[in-house]
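This report is meant for a reader who is meeting the structure for the first time. Please keep the sequence and the structure in view while reading.

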Amino acid sequence: MVASMAKAFSPPAHAVDRPALRHRLDEALEQSLALVVAPAGAGKSVLLAQWAATHPELAFVWLDVDPADDDPVRFSQQLLRGLAGIDPDFADLASLASMHGGGLGMPLLEALAAQMVELPEVVIVLDDLHHLSNAALVADLGRLVELIPPNVHLVLSTRIDLPIAWSRHRVRREMTEIRQSDLALDDVDSAFLIERMAGHSLGSDSVSALVDRTEGWATGLQLAGMMLRLHRDPDAFITQLSGNDRLIADYLSEEVLDAQPDSRRRFLLRISVLDEMSAELVGRLTDVPDAQQELEELERRSMFLVPLDDRREWFRFHHLFRDLLRFRLRAEDPLAEAQLLGRAAHWHLERGDVNAAVDYLLAAKDWDGALDVILGRGSEVFERGEMATVIRWINEVPEAARSGRRDVALLLGALKLAEGQVVEAEDTLRRVTGDPDASPGEQLAAQALLAAMAQWRPRPYVSIDVATRALDMLARIGHHPVPVVMNLTDPQSLEAMATVSCGRAHFLAGNMDEARYWLERGLASPGAAYSIWRVSGLGSLSLLEAWRGRTERAEELAAEALAIAGAVGRLSHPSTADAYLAITLAALERGQPRSAALSLHEGSLRAEANRRAQLSWIAHLETALHHAADGLPDLAMTTLLSNRNELGAPPPVAADRLLALRGRLLRLGGSPDQSLRVLGDGVSRSTELTFERAAASIALGHVDLARKLIDGTPAPFDTTDPLVVVERLILQAWMAHADGFVDEARTRLAEATDVAERHCLVEVFVRAGPTVIQLVSELSEGPSEFRRIVLDRAREVLTPSPGAELVDPLTDRELEILSYLPSRYTNTELAERCYVSVNTIKTHMAHIYRKLDVPNRNGAIVRAREIGLL
């Protein structure tokens, strides 16, 4: 739960003031991080609340972490809600939570850091972090500490040390640490606490003995103080205390509970099933007429009730006391807990709180009730992006209770696929297809969902077969009902899903004509009207068109996809990855690598967000192509040779271009013989490999071999795709030049430039190398604007990059944004032009200003012109 800490988390009246520790925390305001690590009941939260109360001039955000926050989307939304209470613009970052990659994700981390610069001095308290088991999320909290600006301070409170390396911060004295030994109460503080709790003082020897027994443990001393109200002989009572913290807590808690009147005791036991409680909810469970008064009385009597808001409408028990109450309730009335949890679930459902309702039903072991709510109302959680939460719910239901529930299996498979857990998703869905009791509709839904794995599965021909079978099953489904899963498994949606997936699989296999046919057919189907299917399908088709050199068509399709995504608030959704990668490839083919950087970054993030390995290979290829186009061949080669085992095998379409690029870098680096050895000299259906093999052969003087490769069977250049046509004409011109047929060489090259100009294909000439560029410069028809662009682009590749004097050079993404600054576009207009969020633009602008050491946009323009970046 998020709140303004200074109000909602005021320290309890009986709390002991800790001025020395508060001073330690004051020192943390000069640092980015404070770490408070101590066992349960040591007083971590109380100390932080006391400290906050002494700083009314600061803004505080408090996130009380619970196990459900392992869902990265839920955690992000909680954090953003708290920050939005200080600056409403933080609410706009919510869309970035979908690109989490299992944690917060770098897009959100970078946007948070940029937006935080605008905040006043803020302290973010993350309490009870020990509840997080999501390693990626915990790791991203470590990254957040590295990124936050000096006006923001992060306080992490936990019972255990987090798996984050803080050694650098410790060495540089950049963090404050408070641990169990620091929080232990001494004799003076203990005497004060005991007097407040017991209502009378103890002798110094008795206090020392009690401190010795409890080792200064705050909760143990508080419980002891409560019990000393009832004991006439304090020394005898203290002598009885022994054992570890938990045993002391159990002993004292039972004493406290048994000392209560029967009515209050029953009241405590019944409400103990609640994680958080309000008067209305408590009234539903207990039938007490004035539940608010009862709660306030419990708080007044220090019965371990913690208020959760400044109006004192919501409370929770201290977990140690709550656990004891629940244990006693189960022992005394085994059936009561499930009944009370069921009432709590229905109360929350009536108010639209699906998350709390399902958690209570699961706690009650009402498996069927929980599954019914998940299936009926789970889409509300899914649409918020909290897939991990729904997966957790289903996994908490025992396998035996899910047996035979194929509707649940379909939902689980779909959710795991959306989260990128492709192995588990495939295993779950194949159990449905292999179940002899599964209905035709259930079989169809599972088969279509399996087909949708094309961008995850490493073997595209398997995906083609699965999609084809799904479409065949759909044609024969007749009047058989199809189960509804997240409102996305009606027959029309399944047809669009399977058809587009078939097109994607053909593209990944390198079957371009078949890919175009299936993608266009899928987009024309009625089911493609659903925004996510349409965005995804248009993006895949635009990537195909860019791949074959139809740059204008690719950009039109990608723009349509991203416009739809923007209109429905899904610009950060992983389905937009294809469109961004298409824009990148089109820009690279136009010879504009600087205009490709931002879209490449956005596309790569979205492909990785749900672990689409096959699409991530496309992004990896485009990264290497971008380095090469930027005049960085060594970096391009390093990228090509980097270990990407986590992605599995690349799809054939990417594998061919990766190998072709490696050969080109070797050829242009002066080693055509090594290039040919790497590429091999056999005939191939891949135009990319054939072009590079032929180019290396011509460079070595083996023109006949090049001609054989081009004219070989199967004929790789037998197509009307513009890029392939231009590549064929370039090779023909090059071979004619090598054979001394100057006129033919010029004719073929003029034809190549004519076709290339119609489709803005500039980079293909630069990729061919210096000989072809020289031939372009010698064309007798006189200079044309397009040929000038080609020649300028070739010179650009050989020119050292400006801005080398910067200590921290601008990234390609920042250079792209920088190029737009003189246009005077607003941040909103820039975001629309680049198909990114306004916060992404703000993030890059902040980095540009910092690296150029300027305060504003005008200063950035002046400085960039001084050093040649503009």
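Leaving aside its neighbours within four places in sequence, which residues is Q614 in contact with?

## Basis of the description

The model is a predicted one, in which local features need pLDDT of at least 70, side-chain atom pairs count only at pLDDT 80 or more, and totals for chains, interfaces and linings use all residues. Residues are numbered from 1 along each chain as its sequence is written, and side-chain values use heavy atoms, with hydrogens and water left out.

## The surroundings of Q614

Q614 is found in helix 33, residues 613-629; helices here are DSSP runs of H or I with at least four residues, strands are runs of E with at least two, and both are numbered from the N terminus. Setting aside neighbours within four places in sequence, Q614 is in contact with A454, Q455, W456, R457, P458, L508, A649, P650 and P651, where contact means heavy atoms within 4.5 Å. Q614 has a relative accessible area of 0% and is therefore buried, a term that means under 20% relative accessible area, with exposed meaning over 50% and partly exposed in between (1.4 Å probe, protein chains only).

## Aromatic pairs

A pair of aromatic rings is described by the distance of the centres and the angle of the planes. Searching the whole structure gives six aromatic pairs; rings of Phe, Tyr and Trp (its six-membered ring) pair if their centres lie within 6.5 Å, and planes under 30 degrees apart count as stacked, over 60 as edge-to-face and the rest as tilted. One of the pairs is formed by W51 and F60, which are edge-to-face at 5.6 Å centre to centre, with 85° between the planes, and both W51 and F60 are buried.

F507 and W547 form another edge-to-face pair, with 5.3 Å centre to centre and 85° between the planes. This pair links distant parts of the chain, since F507 lies in helix 27 (residues 491-509) and W547 in helix 29 (residues 531-547), 40 residues apart. F507 is buried because its relative accessible area is 6%, and W547 counts as buried because its relative accessibility is 0%. The charged end of R657 sits over the ring of W547, 4.2 Å from the ring centre; such a placement requires NZ of Lys or CZ of Arg within 6 Å of the ring centre and within 35 degrees of the ring normal.

Two packed helices are described by the angle between their axes and the distance between the axes. Helix 29 and helix 31 (residues 577-589) pack at an angle of about 20°, with their axes 7 Å apart; axes are lines fitted to C-alpha atoms, for helices over the stretch in contact, and angles run from 0 to 180 degrees between N-to-C directions. Helix 29 is therefore roughly parallel to helix 31, as angles under 35 degrees count as roughly parallel, over 145 as roughly antiparallel, 65 to 115 as roughly perpendicular and the rest as oblique. Among the residues that meet across these two helices are W547 in helix 29 and L585 in helix 31.

Helix 27 and helix 28 (residues 512-524) pack at an angle of about 160°, with their axes 7 Å apart, so helix 27 is roughly antiparallel to helix 28. The residues that meet here include F507 in helix 27 and W518 in helix 28.
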